[in-house]
Amino acid sequence: MTIKLMQGNEAIAMGSLAAGCRFYAGYPITPSTEVAEIMSRELPRVGGKFIQMEDEIASMAAIIGGSVGGLKSMTATSGPGFSLMQENIGYAAMAEIPCVVVNVQRLGPSTGQPTAASQGDVMQARWGTHGDHQIIVLSPISVAQSFELAVKAFNFSEKYRTPVILLTDEIIGHMREPIELPDFDTVEKVERVVTDSPADYKAFRNEPGDVPPMASFGLGYRYHITGLFHDEVGFPTQRLDEIDPWLERVNRKIENNTDDILLYQKDYQPGARTAILSYGATARTARHAMKQLRAKGQKVSLFTAQTLWPFPEKAVEELADSVERIIVPEMNMGQLALEVERMAGRKKVVRVNRANGEMVTPDMILEAAEN
Amino acid sequence: MSEHILSVHDLDVNEGQIPREDWFESSDTLQHLRKNKRFPTIWCSGCGIGVVMGSLIRAIESLGLENNNVALVAGIGCTARMPVYMDYNTLHTTHGRALAFATGLKIARPDMKIIAIMGDGDAMAIGGNHFIHAARRNIGITALVVNNSIYGMTGGQQSPTTPLDMRATTAPYGNIEPPFPICDLASAAGATYVARSTVYHPLELDKYLAQAISNDGFSLVEAVSYCHTTYGRINKLGSAADMMRVLKENSISKSAYDKLSDEEREFNTKTVRGVLHTKKRPEYTKVYGTLVDRVHEEAIKPRNYGGH
Amino acid sequence: MTELVSAVNQAPAKPAKKGPRGEVKIFATWCKGCTICVEFCPTHVLAMHPNGNHPIVVDQEKCTACHFCDTHCPDLAIVVRKIE
C-alpha cells in the first residue's frame, strides 16, 4: 500500500493498468488527454500497447479490435469525442465486446468550454448510440474512486461482455487528492475463460447463463462477429426465433445482475423528510451541504450513486418512500433528475441545476433544502 | 446434345446431383468455406465479389497459412459480406471502419495475418481517413478493395470511384466528381505493396493477394469488378458476362503499359493491372515491439506504485 | 492444393486434341445461372440447361482444364479437376 498525491485522470490510468488493461487507443481531447499521455508512458513498461488513432471513431474501433484480439482495451475522451464514438459503442454492445470508454465530461454542447466541468453527457452515456441496448455507466466522486471504478469498469466489461462507460468530469479528472494505491498484483481481475471445445463453441449462445464466454481471436475458435442481428454462432439473421432470445438474454444479463452492478452509498438519517441524490463532482458539494444542514439540526439523507446506468430504481423508490422530497443537484439542466422523478412517484423532486461550467455550490443546495 | 447428359440433368435442380457436404470436399478451395453457413451467397447472380472470394481463398491456401491465424475484417456493403462465408476469424464491423478495427486487432495479435475486405465506398469514402492512416503507419494489414465504382448494397449511388459523367441513383445527370485513383492514393500515403487486377483475371488476383499478405507492412490489392444490377443497369452496360468481358478488353498489363509512349500513356483509359508500387519500410507493430524492448532495456522499473 | 494453371490463363485455348483434359462438376444448388462459365468457356464444354437455371456439361472431352470457369464462377458452383 502506498499513499500518493494523484490526479483523477492518472488514477483512472493506474486503475486500468491494475485491472489488466494492456491496450489503449485514443485521441487527444481536453480534459481527458492526461489519461492518454500516462498510458502511452506506462503501457510499454508492462508489455502493453498504445496507439494514438486518427480520430475518436477510429479509437473506438481500435479498442474493439484489440479486445477481440484478447487485450483488455480502453479509450478516454470528452464530449465531442464521445459523440463520435457512439456508433462503435453500439457495435460493442451488439457484439458483446468487453471494453472501457472513459468520458471526462466538459461543458457542452459542441466545443463549449473545454476546460470547464459538466455532467451534461449523462443521457448520452445511456442513449447516445441508436437503438435499444444495454450499457453500464459508472461515475466516481473522488480520485480514489476513479481508481476503484476503473478496476470495476474493466471487471464488469469482461464479466458481462459489455462496453462500460467511466463517466467522470473535468473536476474529478483534474483535481489531485491523496490515494491509497494497492499492490496491482492484489487487485481482483476478471479474466476470459472458455471451456467449450472449438467445435461446440457458440459465441452468442442464449443458455446456459446470460453471458456466453468470450473467445479471443486466434485461439482456434474461428467464429463470426457482426453488428447485424445474429444467431448463436454469430451469423446474420432476420429470424425472430433467433432475434428474440438474443434480445431477452442481452437485457437479462444486465437487469438480472443489478445487485452486482449497482454501486451507491446511503447516508440516511432516520426521520429525515429531505434527501439529496447526487453523483460525480456534485456529490462532493451535496456532502458538504448535508453536513451544514445537519449541523443546523435539519435531518437530511444522502444518496450517492456510482452506477448511473442501469439506474438504481429500487433503491431510489425506497428512498422516495421514506422522505417528502429529493433534491437532485446536477451540473446540467436536469438529466438524472428525470430518472429520479420517474421513480419518486408522488414525492417532490427538487432540481438544482447549473450548466455554465461552474460547480453547483452548497448554498444552492441549502437554499433548496431550507424553503 | 447427347442423350445421356440430358437425362442425368433432368433432376429437380434444388436437389442437385451432389450432396451438399460432398460439394465442400470437391476442391481445396471449397474446404475453406464454412460448412455451417447457408449457401449460395447473398450476392446477385454474376457478381464479381464471389470471384474475389475464390481468389482470396486460393491465395491463403498457396501460402499454407493456418486458418486459426487468419482474420478477415470487413466494413459494411456487398463486399463486406465476404468474410462470413469463410472458415477464418471473421469480424464484420461498421461502415468505413474495417481498417481501424483491424489496426486494434493487429496490435493485439501482431502474429496474425489480417485482411481488411472493403468495397470502394467503404474504403474510400467514409473509410478514407482510416485508409490513409493505416497506409501511413505501414501496419501489417492487407487492404482488399473490391472496386465496382458504385454503392451496390444501397441500390446504386455514386461512390468516390464512380467515373466522371457516368450515372448513379444519386447522380442522375452524370457524376461530376473526379474519382479517386485508389492505388496512387495508397502509394502516396505510405503503403509498401500496391497491386491491381480485375475479376476477369482471378489468377492475377491470387498472385497479388499472396504477395500482399506476405508483405510485412500495409498492402493494397484493388480488385476491379462490376455491378451489373445497379451501375450496369443505370448506365446500360449489359449483363454480368458483358461487364466481365469489358474488364478484359478495357485493361492492360503494367508491362504493356510501360511500353506505351508518353503520349499514349497520358491518354490511356484502360485499367492498368500489375504490381504498381512496393517499398521497403519497417512494419508498425514490429517498430512498436522494438520500442517496448527499448523501454525495458533502459531498465526503467515499471511503476507499480502500490507494490513499491 | 488446387494447382494454379498458369499456362493457359485468360487467352482462349484452342480445342485440344491432346494436352490436359479436365472433368467438370457443377453444383446446381449454388449456381445462380449467371451464364459466365458458359459464355467464356474457350472450348464450349458447357451450355445452359433448358430450364435456364444452371449450366450442364455438353462436351466433356473438349475440356482442357484451363480453369476459366471455376476461377470465374461467382458462386464456387463449378469445379474442374485435371485428368492425368
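Guide: Gladly! Let us start with a right-handed β-α-β unit, made by strand 15, helix 12 (residues 336–344) and strand 16 of chain A. Right-handed here means that, with the strands pointing away from the viewer, the path from the first strand over the helix to the second runs clockwise. Helices (H or I, at least four residues) and strands (E, at least two) are DSSP runs, numbered from the N terminus.

Before going further, please keep in mind that this is a predicted model, in which local features need pLDDT of at least 70 and side-chain atom pairs count only at pLDDT 80 or more, while totals for chains, interfaces and linings use all residues. Residues are numbered from 1 along each chain as its sequence is written, chains are lettered from A and ligands numbered from 1 in the order in which they are written, and side-chain values use heavy atoms, leaving out hydrogens and water.

Buried means under 20% relative accessible area, exposed over 50%, and partly exposed in between (1.4 Å probe, protein chains only). In a regular strand the side chains alternate between the two faces of the sheet. Both faces of strand 15 of chain A are covered: one side has R325(A), I327(A) and P329(A), the other I326(A), V328(A) and E330(A), all buried.

Now for the neighbours of this strand. Two strands pair if DSSP finds at least two bridges between them. Strand 12 of chain A (residues 274–279) runs parallel to strand 15 of chain A, and three bridges join them. Strand 16 of chain A (residues 348–353) also pairs with strand 15 of chain A in the parallel sense, over six bridges. I327(A) is a handy landmark: I276(A) stands opposite I327(A), and I327(A) stands opposite V350(A) in strand 16 of chain A.

Elsewhere in chain A, T77(A) is found in strand 4 (residues 72–77). T77(A) counts as buried, at 0% relative accessibility. Leaving aside neighbours within four places in sequence, T77(A) is in contact (heavy atoms within 4.5 Å) with several residues, including I29(A), F82(A) and V104(A).

E191(A) forms one with K72(A), the closest N and O atoms being 3.4 Å apart. E191(A) lies in the loop between strand 9 (176–181) and strand 10 (224–226) of chain A and K72(A) in strand 4 of chain A, so this pair ties together parts that are 119 residues apart in sequence. E191(A) is partly exposed, with a relative accessible area of 48%, whereas K72(A) counts as buried at 6%.

A further salt bridge reaches out of the chain: R222(A) meets D87(B), with the closest N and O atoms 2.9 Å apart. R222(A) lies in the loop between strand 9 and strand 10 of chain A and D87(B) in the loop between strand 1 (70–74) and strand 2 (89–92) of chain B, so the pair joins two chains.

Stepping back, two pairs of chains are in contact, and chains A and B share the most contacts. No contact joins chain A and chain C, whose closest C-alpha atoms lie 19 Å apart.

Note on methods. Salt bridge = Lys/Arg side-chain N within 4 Å of Asp/Glu carboxyl O.
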